[in-house]
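Subject: Two-chain model for your files

Hello,

I am passing on the structure we talked about. Please look through it first; my notes on what was found follow below.

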Amino acid sequence: MSLTTAEPVRETTAAPPEKPKKRSRMRQHPWMYLFILPGVLYFTVFQYLPLLGNLVAFKDYSPFLGFSASPWVGFSNFTGLLTDSEFLTALQNTLLISLLQVVVAFPAPILLALLLNSLLSDRVKRWVQSVVYLPHFFGWVIVISIWQAVFGGVGPMAELLHALGFGQQNVMANPDTFLALVTAQVVWKEIGWGTIVFFAAISAIPVERYEAAAVDGAGGWRRTWHVTLPGISSVIVLLLILRLGTVLNVGFEQLLLQQHAVGADAAQVLDTYGYFRGVVGGEWGLATAAGLVKGIVGTALVIAANSIAKRAGQGGLF
Amino acid sequence: MTTVSRPPWMARPSWPVQALKAVVIGAIVLVMLYPLVYVVATSFSADTGTVAGTGLLPEHYSLQAYRSIFAGNVVLRSLLVSIGVTLIGTALSMVVSIGMAWGLSRTRDVPGSRFVLYAVLGTMLFTSGIIPNYLLVKSLGLLDSYWSMVLPVVANAFNIVVLRNFFMEIPRDLIDSAKMDGASEWQVLVRIALPLSKAVLAVIALFYAVGYWNDFFNALIYVNDHAKWPIQLVLNQYVVLGESINQAGPPTTAHLPVESLKMAVVVIATAPILVVYPFLQRYFTKGMLTGAIKG
């Protein structure tokens, strides 16, 4: 499984008989350069140029002085992070939320895929699929709005809890259960979408294996355990390793949208910290330093995860 | 008695297993759908000051919420902004992505394009952080501009890769023979490649469109002017924060939106996604995108 820079076979095997000079080959393809021009501009300006902006992490940046006039301060923004208790809270929350998502939100689609796969009726299967895929396409504002309607202080869940004798509860504003809430929201939104890749893996398992298992007298559960799961285990391992590589990424929008309800202690993560310190608070250097640390650690983790996946014989993503 | 000929590994399981599965599936579907039904039902309820009972049917059916929304101009204006950003953004995204995907589809022939391809793929590995992006948009003079909701997200490496894979599947002979007949690269793209890729183009366009429609991040960070807010920011203000929007000044809490009004805004913000969803779903269940991931 690779995110495919793979060229078609003909390109690698059948090299052109004679290789014209580079300059003249470039002249043969004026259209191709014109085609990629807007994209090249976009990726240069909006993806690569901002990397330079990370230098603000080493400055005492002031919007009035501008970039070049702001004084260099070395690593003091980075040491500043370590003494900022809010940063440490954000780091801790990020890791906690991420951990819960790996433990709960990661396996959930696997279980759902196995369950749906065991259904005999294709019509039911497709219908359930089209229901569970849907929330993936809702933006986080919509998702939080819907959750607030159902689980908020005036919603049916609060009424139900009240009727059951739990008193006045607002699940959406309770910092103590916020971790569970965030995880549940991710599961609700993404469980269906997550099944797609596992379905693809399941459908690649040769039917003969099921046949053989059935002939040997294995029932449904044992076929799932001994045929289906081993059949998709390599995909599971690969996705899990890659998921660990993005452990510092927890939904910025999801957390930001709920911060006013549960407070910063529960909902501050690295990205929201950067937003509040920088864009809102004007501590540009500090916020950029936080982003840069996250970016570097994140990239290193992804690359490390990928090479572990490769070494484990699963083939990397790149 | 009818006997369905099933292979043994597809035999009907015993009834307790079937019942258990049905219960679990039913519960999942309920958890997915009930919130949506509740929101729609509440939006069509007259505001009586009490909460709708089970929320499965509107309590005292009424269009009052929608009437008052469309009588004011806050939601209407934000809808126009969102529609404009979505249409223009999607068109631009498609131009950029098609150009990239086609231009990079023959890296062997076109010197330098392999380097560009790796540069594009590289953007999947890192993010440059919120502050550098903000400073860039600011220095380009795009703060409070509609373009700040389009340009920073106009292309996406993943979509380009998916499209490029698709273009590379087009038989080389087809392209070569068209060129023999005197077709230019442009004509090959427009007359051969694009018509052959209609389905994947539709999916990618819809993905971009849904992305623009749902976008909250860019508007939140780059657009302070309430008059330029897209629907998602208005939704956040009305429903998530529970504040009303005073077009002239900062948000006030003078007239707190009532529940049915809030839910009507949610319905309006969600409706376009529900409309395009069947089209989206028809394509991605065919495994088109997973095929791309699997390479």
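Two residues are taken to be in contact if their C-beta atoms, placed from the backbone, lie within 7 Å. Please keep in mind throughout that this is a predicted model.

Domains of chain B

Chain B is divided into domain 1, covering 15–62, and domain 2, covering 73–294. Between them, six residues of domain 1 of chain B are in contact with seven residues of domain 2 of chain B. On the domain 1 side of that contact, two residues are nonpolar, three are polar and one is charged.

Contact between the chains

The two chains also touch: 87 residues of chain B are in contact with 82 residues of chain A. Helix α1 of chain B (residues 15–43) gives the most to the chain B side, with 11 residues. Sorted by class, the side of chain B that touches chain A has 57 nonpolar, 22 polar and eight charged residues.

Annotated spans in chain B

An unreviewed UniProt entry annotates "transmembrane region" over residues 20–41, 79–103, 115–134, 146–167, 188–210 and 261–280 of chain B. I looked at two of these spans in the model. Residues 79–103 of chain B are 100% helix and 0% strand, and the C-alpha atoms at the ends are 35 Å apart. Residues 146–167 of chain B, by contrast, are 50% helix and 0% strand, with the end C-alpha atoms 32 Å apart.

Helix packing in chain B

Helix α3 (residues 74–103) of chain B packs against helix α9 (residues 198–214) of chain B at an angle of about 140°, and their axes are 8 Å apart. Angles over 145 degrees would count as roughly antiparallel, so α3(B) and α9(B) are oblique to each other. The crossing of α3(B) past α9(B) is right-handed. From α3(B), the residues in this contact are B:S82, B:V85, B:T86, B:G89, B:T90, B:S93, B:M94 and B:S97; from α9(B) they are B:I204, B:A205, B:Y208, B:A209, B:Y212 and B:W213. The contact of α3(B) with α9(B) has eight nonpolar and six polar residues, and no charged ones.

Helix α13 (residues 220–245) and helix α17 (residues 284–311) of chain A pack at about 160°, with their axes 7 Å apart. Because angles over 145 degrees count as roughly antiparallel, that is how α13(A) and α17(A) are classed. The crossing of α13(A) past α17(A) is right-handed. On the α13(A) side the contact involves A:L238, A:I241, A:L242, A:L244 and A:G245, which meet A:L301, A:V302, A:A304, A:A305, A:N306, A:I308 and A:A309 of α17(A). By class, the contact of α13(A) with α17(A) comprises 10 nonpolar residues, two polar and no charged.

In the other pair, the axes of helix α9 (residues 140–151) and helix α14 (residues 252–262) of chain A come within 9 Å and cross at roughly 45°. α9(A) and α14(A) are therefore oblique to each other, and α9(A) passes α14(A) in a right-handed crossing. A:W140, A:V141 and A:I144 of α9(A) make this contact with A:E253, A:Q254, A:L257 and A:Q258 of α14(A). The contact of α9(A) with α14(A) divides into four nonpolar residues, two polar and one charged.

Best regards

Conventions
Residues numbered from 1 in each chain as written. Chains lettered and ligands numbered in written order. Predicted model: local features only at pLDDT ≥ 70, side-chain atom pairs only at ≥ 80, totals over all residues. Axes fitted to C-alpha atoms, helices over the stretch in contact; angles between N-to-C directions. Helix = DSSP H or I, 4+ residues; strand = E, 2+ residues; numbered from the N terminus. Parallel < 35°, antiparallel > 145°, perpendicular 65-115°, else oblique. Left-handed = near helix turned anticlockwise from the far one by under 90°. Nonpolar A, V, L, I, M, F, W, Y, C, P; charged D, E, K, R; others polar. Domains from an automatic or database assignment. UniProt positions renumbered as here; feature names shortened; annotations may be inferred.
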